[in-house]
Amino acid sequence: TRIKTAKLSPGNQYISHAAALEMVQRATIEKDNGGVQFQHDSRLQWGSMQYLTNEQVESFYDDITCPSVHVLVAEDGWPMDESVKKRVEMLLRPKNFITLPGSHHFHADPETSTAVTDAIVSFLE
């Protein structure tokens, strides 16, 4: 289901079998009766910035004063208009603005997670 959901999302998104399996296993609780129960992080039910106005989002971004790194996925991630990318870069003023290969879950995919980790470690050093 996770793999199908990624394919149905905008852009050319995908998720590897390994990453999907890890997410499903992490969210599955085995019950005493032999059944399973699926759980999720309750924070996923919180309000999302995608439902806020541009002005509200920009207000959040404008309040960020610490150094930041912005890691973006190019062709295979969630589609982002070039003007939005430029606006985010202007508001966040990231130390690094990086595009890496992969899809929406590139941080969890064994084929692309090392590049994400390396970019974050490089920023922190």
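This is a predicted model: local features need pLDDT of at least 70, side-chain atom pairs count only at pLDDT 80 or more; totals for chains, interfaces and linings use all residues.
I began with E82 and found it partly exposed, with a relative accessible area of 46%. For the whole notebook, buried means under 20% relative accessible area, exposed over 50%, and partly exposed in between (1.4 Å probe, protein chains only). Residues are numbered from 1 along each chain as its sequence is written, and side-chain values use heavy atoms, with hydrogens and water left out.

**Entry: salt bridges**

How many salt bridges does a search of the whole structure find? I found two, taking a salt bridge as a side-chain nitrogen of Lys or Arg within 4 Å of a carboxyl oxygen of Asp or Glu.

One of them joins K85 to E82, and their closest N and O atoms are 3.9 Å apart. K85 and E82 are three residues apart in helix α4, which means that about one helical turn separates them.

I then turned to E58 and R87, whose closest N and O atoms are 2.8 Å apart in their salt bridge. This pair links distant parts of the chain, since E58 sits in helix α3 and R87 in helix α4 (residues 82-92), 29 residues apart. I noted E58 as partly exposed at 24% relative accessibility, and R87 is also partly exposed, at 33%.

**Entry: the chain as a whole**

I stepped back to look at the overall layout. The chain has five helices and four strands, and its elements run α-α-β-β-α-β-α-β-α from the N terminus on. Helices (H or I, at least four residues) and strands (E, at least two) are DSSP runs, numbered from the N terminus.

The C-alpha atoms fill a box of roughly 55 × 30 × 30 Å, taken along the principal axes. Of the 125 residues, 26% count as buried. I also looked up the surface: the chain exposes about 9300 Å², and carbon and sulfur atoms supply 54% of that. Accessible areas come from the Shrake-Rupley method with a 1.4 Å probe, and for residues only the protein chains shown count as cover.

Next came contacts, meaning heavy atoms within 4.5 Å. Among contacts between residues at least 6 apart in sequence, 59% join residues at least 24 apart.

**Entry: helix α2**

Which residues of helix α2 (residues 17-26) are buried? I listed A19, A20 and M23. They lie on the same side of α2, because they cover an arc of only 100 degrees around the axis; the arc is that of the directions from the helix axis to the C-beta atoms.

V24 lies in helix α2 too, but V24 is partly exposed, with a relative accessible area of 36%. With V36 and F38, V24 forms a nonpolar patch on the surface, and together they have about 290 Å² of accessible area. Patches are made of residues with over 30% relative accessible area and no salt bridge; like charges are joined within 9 Å, nonpolar side chains (Val, Leu, Ile, Met, Phe, Trp, Tyr) within 5 Å.

**Entry: two loop residues**

Is D109 buried or exposed? D109 sits in the loop between β4 (96-100) and α5 (113-124), and I found it buried, with a relative accessible area of 5%. Leaving aside its neighbours within four places in sequence, D109 is in contact with Y14, S16 and A19. I checked Q13 as well: D109 and Q13 are 96 residues apart in sequence and 12 Å apart in space, C-alpha to C-alpha.

S68 is in the loop between α3 (54-62) and β3 (69-73). S68 counts as buried at 13% relative accessibility. With its neighbours within four places left aside, S68 is in contact with L92, P94, K95, N96 and F123.

**Entry: K4**

I finished with K4, found in helix α1 (residues 2-8). K4 counts as exposed, at 57% relative accessibility. Where is R43 from here? The C-alpha atoms of K4 and R43 are separated by 23 Å, and the two are 39 residues apart along the chain.
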